[in-house]
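The sequence and the structure come first.

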Amino acid sequence: MNEPILKVEELRTYFDLAEGTVKGVDDVSFSLSENEVIGIVGETGSGKSVTAKSLVGLIDKPGRLAGGRVFFKTPEFPERQKGGYLDLAQLQGDEYTKIRGKHISIIFQDPMTSLDPLYTVADQMTETIMFHQKVNEKEALDIAVKMLDKVGFSNPRERVHQYPFELSGGQRQRVVIAIAISCNPEILIADEPTTALDVTVQAQILELMKDLQAEFKSGLIFITHDLAVIAEMSDRVMVMYGGKTMEYTDVFTIFEKPMHPYTHALLSCIPRMDQKDQVLEPIPGQPPMMLNAPDLCPFLPRCPRKLERCLKELPSLIHAEGHYIRCFNPITNGVSHG
Amino acid sequence: MNDSGSKVLLEVRDLQKYFPIKSGFLIQKTVAQLKAVDGVSFTIDKGHTFGIVGESGCGKTTIGRTIIRLLNPTGGNIFLEGEDIAILKERSLKQYRQKMQIVFQDPTSSLNPRMTVGQTLSEPLLFHGMVRSKKEVEERMSQLLSSVGLKPYHVDRYPHQFSGGQRQRIAIARAICVDPSLIVLDEPTSALDVSVQAQIIKLLKELQGKLNAGYIFISHNLSVVRYISDRVGIMYLGKMVEKGDTNEIFENPMHPYSKALLAATPIPDPKTRRKRKELLSGQVPSPINRPTGCFFRTRCKYAMPACEKEYPQMVRIAQNHSVSCHLYSLGEPEKIVEK
Ligand SMILES: Nc1ncnc2c1ncn2[C@@H]1O[C@H](COP(=O)(O)OP(=O)(O)OP(=O)(O)O)[C@@H](O)[C@H]1O
Ligand SMILES: Nc1ncnc2c1ncn2[C@@H]1O[C@H](COP(=O)(O)OP(=O)(O)OP(=O)(O)O)[C@@H](O)[C@H]1O
Ligand SMILES: [Mg+2]
Ligand SMILES: [Mg+2]
């Protein structure tokens with residue numbers, strides 16, 4: 001396997017509120033290779049977006065990086081590298097702009113928040129392109145048109161002069177993708193890029209993202225709460241719960257032989273369009289409260305396999321049978337989900 | 001089941017709901033009609049669930065709200081237990097209101113934040129004269145709370161003290177407290193996490209067994225609809241393009257739009273990962289300016305000259321399966337069952 005371009009180790013991002021501390025991300029680890037898709041899946045509040053934002057320096061007060069390393073292989077800041085990697089967690093404020101948008105791009109769920117309604121597509125695209133590349137305005141416009149063509153606009157020369165409100169939801173998300181890939185980044189982070197879209201449009205966007213990823217051989221971090229979309233897109237999958245990496249392995253193993261009780265429970269409670277007379281097994285209880293959460297496994301209160309030990313200490317993320325898993329009592333003889 | 005006359009709970013026949021598009025500065029004139037629901041027919045048996053699926057804007061919510069008369073229909077009939085409630089005026093409608101309840105997608109905005117759970121539930125009980133004494137209210141209340149999986153001590157709490165899933169349980173308790181025979185569930189789990197969604201779906205199924213109520217389950221999530229529905233209708237631009245038994249629709253979809261919708265839905269199994277499946281191109285046309293003939297023809301790869309001329313009739317192609325597409329127009333035109 002090739003050496004990863006990104007290695008995230010024990011990442012922690014905390015929010016200091018008047019009522020206490022919210023450990024939005026608390027011990028997340030994964031790595032990403034060139035031409036690979038990592039899917040991050042988890043329920044609301046599990047820390048997916050905070051993970052994504054932490055990678056690219058988008059955490060603002062009251063949030064702070066409270067620990068961990070984000071090693072990224074990049075030509076930027078050569079003097080600060082160790083073993084060919086730059087630790088992004090050490091960058092300060094402005095320094096991120098040399099990375100974000102150029103080497104690592106991020107796409108959010110709602111395209112309307114990433115596009116400025118007052119400016120045309122051309123204005124917004126050329127601004128990003130000229131910020132990161134040494135080109136003049138005309139060249140930037142040509143790149144913009146080329147990118148719009150790549151993301152599937154049939155008449156990009158005209159479309160580029162339109163305003164966001166003149167486009168449909170799916171078209172806007174295409175524009176956002178075009179901007180994100182316009183500087184040919186090594187890593188693209190997509191945070192629920194299709195959640196606001198209808199399924200036929202979602203299918204178009206997913207297909208587009210797969211095609212672009214194959215063409216540019218970039219690394220893709222694909223975030224969603226939808227296990228079906230994860231199955232469709234990912235090479236490897238990281239399951240998050242309560243701010244933590246719970247399980248992390250290749251996509252086939254996650255779906256066929258999940259080891260973590262949470263992953264297993266999650267797969268048993270989703271209705272499936274391809275199955276007749278399915279039996280659902282809901283997970284009892286609620287997702288965890290994140291404020292001043294105890295240093296124990298966040299799934300503990302809902303877990304059917306909990307042990308005495310789970311009430312006393314937090315399991316760390318360990319490597320076993322090709323899995324990374326955080327659990328004292330994993331399912332080891334494999335339960336099938338055919 | 002004994003005789004078929006008593007089995008049917010609801011029969012919707014050629015239902016229409018148009019919204020006028022107005023224009024003009026001082027004097028507003030109706031310049032066009034937005035045909036949100038345009039000739040939809042289906043039936044629901046007692047204790048059964050009819051699922052309505054389709055993409056945003058196809059008219060799902062409008063159907064649900066029109067059937068229970070939160071909106072006035074533009075045309076068509078709504079037979080609830082044999083009575084056409086489409087034509088009833090507000091005063092005569094009152095006795096039917098109790099029989100028809102609705103649960104919305106967002107429990108936060110559908111519950112009054114200043115009312116405790118107890119107040120929320122006792123109001124409809126008292127309004128519809130379902131309880132006579134304070135003691136009866138309390139008995140009914142604790143029974144209701146336990147049937148939706150809440151605890152008796154929850155009765156004095158306010159909505160903000162509950163999680164999203166628990167709030168949806170309260171909204172369901174409010175809907176079932178007056179013993180309705182029909183409940184419209186408009187995306188009741190779309191705002192919930194998957195682990196909580198399963199709890200709510202299971203609860204709805206259990207309650208249906210107890211109450212023998214008919215459900216109209218509206219969702220854009222095909223997997224949830226397959227799980228909960230006995231029969232399903234697929235909508236496109238205000239029309240139902242295909243309807244039938246759930247397994248039939250999911251295993252043997254006939255309408256090109258139904259096929260595309262199913263093909264576009266991802267499945268949580270990496271082994272079935274689609275390989276360059278045929279994707280639907282383009283977008284849904286504007287509902288104010290729909291194509292002539294079949295509304296789907298502009299995106300349909302089977303479109304023929306006939307499709308431009310007239311909208312295809314709904315034809316029955318199997319015992320419990322009808323489709324509205326010129327490809328199948330040799331079938332037996334669906335006859336409207338007269339009362
Ligand atoms: N600016 C903030 N201030 C305080 N807490 C925050 C802030 N941003 C996020 N959090 C908290 O951090 C935790 C993780 O949030 P995050 O947005 O990463 O969840 P998510 O997995 O992306 O959820 P969703 O699926 O709803 O998008 C949550 O408990 C959230 O409340
Ligand atoms: N009060 C209204 N006035 C005018 N147009 C309306 C009104 N309510 C709905 N519409 C229009 O009617 C059509 C159907 O809307 P409806 O809300 O029923 O769709 P839906 O299938 O429920 O969509 P979604 O999945 O987004 O909830 C849409 O084009 C919508 O814009
Ligand atoms: Mg998020
Ligand atoms: Mg709706």
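The text below takes the interface first, then the sheets of chain A, and then a hairpin of chain B.

**Interface of chain B and chain A**

The model is predicted, and local features are described only at pLDDT of at least 70. The contact draws 43 residues from chain A and 41 residues from chain B. Between chain B and chain A about 3900 Å² of area is buried, and carbon and sulfur atoms give 56% of that area.

How many salt bridges are counted between chain B and chain A? The count is one salt bridge. In this salt bridge the side chain of Lys271(B) meets that of Glu256(A), at 3.6 Å from N to O.

On the side of chain B that touches chain A, the elements that give two or more residues are helix H8 (194–211), helix H9 (222–228), helix H10 (246–251) and helix H11 (256–264) of chain B. The largest share of that side, eight residues, is from H8(B). Sorted by class, the side of chain B that touches chain A consists of 17 nonpolar, 13 polar and 11 charged residues.

**The eight-stranded sheet of chain A**

An open sheet of eight strands in chain A has the order S6-S7-S8-S3-S9-S10-S12-S11, with mixed pairing. Strand S6 (104–107) and strand S11 (318–320) of chain A are the edge strands, each pairing on one side only. From one strand to the next the twist averages 20°.

S6(A) runs parallel to strand S7 (residues 187–191) of chain A, and four bridges join the two. Ile106(A) has Ile189(A) in S7(A) as its bridge partner.

Helix H6 (residues 169–181) of chain A lies across S6 and S7 of chain A. Helix H1 (residues 48–55) of chain A lies across S3, S6, S7, S8 and S9 of chain A.

**The four-stranded sheet of chain A**

Four strands of chain A form an open, antiparallel sheet in the order S2-S1-S4-S5. S2 and strand S5 (86–87) of chain A are at the edges with a single partner strand each, so one side of each has no neighbour in the sheet. Two bridges pair strand S4 (residues 63–72) of chain A with S5(A) in the antiparallel sense. The bridge partner of Phe71(A) in S5(A) is Asp87(A). H1(A) also packs on this sheet, where it touches S1, S2 and S4 of chain A.

| Helix | Strand | Angle |
|---|---|---|
| H1(A) | S8(A) | about 150° |
| H6(A) | S6(A) | about 170° |
| H1(A) | S1(A) | about 110° |

Over all chains the count comes to 29 salt bridges. One of them joins the side chains of Arg12(A) and Asp26(A), at 2.9 Å from N to O. This pair links distant parts of the chain, with Arg12(A) in strand S1 (residues 6–17) and Asp26(A) in strand S2 (residues 20–32) of chain A, 14 residues apart.

**A hairpin in chain B**

Strand S1 (residues 8–23) and strand S2 (residues 29–45) of chain B pair in the antiparallel sense over 13 bridges. Leu15(B) has Val40(B) in S2(B) as its bridge partner. S1(B) and S2(B) form a hairpin with five residues between them. In the turn, Gly24(B) has a positive phi of about 115°.

Technical notes
Residues are numbered from 1 along each chain as its sequence is written. Chains are lettered from A and ligands numbered from 1 in the order in which they are written. This is a predicted model: local features need pLDDT of at least 70, side-chain atom pairs count only at pLDDT 80 or more; totals for chains, interfaces and linings use all residues. Side-chain values use heavy atoms; hydrogens and water are left out. Contact means heavy atoms within 4.5 Å. Buried area is the accessible area (1.4 Å probe) that two parts lose on being put together, summed over both. A salt bridge is a side-chain nitrogen of Lys or Arg within 4 Å of a carboxyl oxygen of Asp or Glu. Ala, Val, Leu, Ile, Met, Phe, Trp, Tyr, Cys and Pro count as nonpolar, Asp, Glu, Lys and Arg as charged, and the others, Gly among them, as polar. Two strands pair if DSSP finds at least two bridges between them. Axes are lines fitted to C-alpha atoms, for helices over the stretch in contact, and angles run from 0 to 180 degrees between N-to-C directions.
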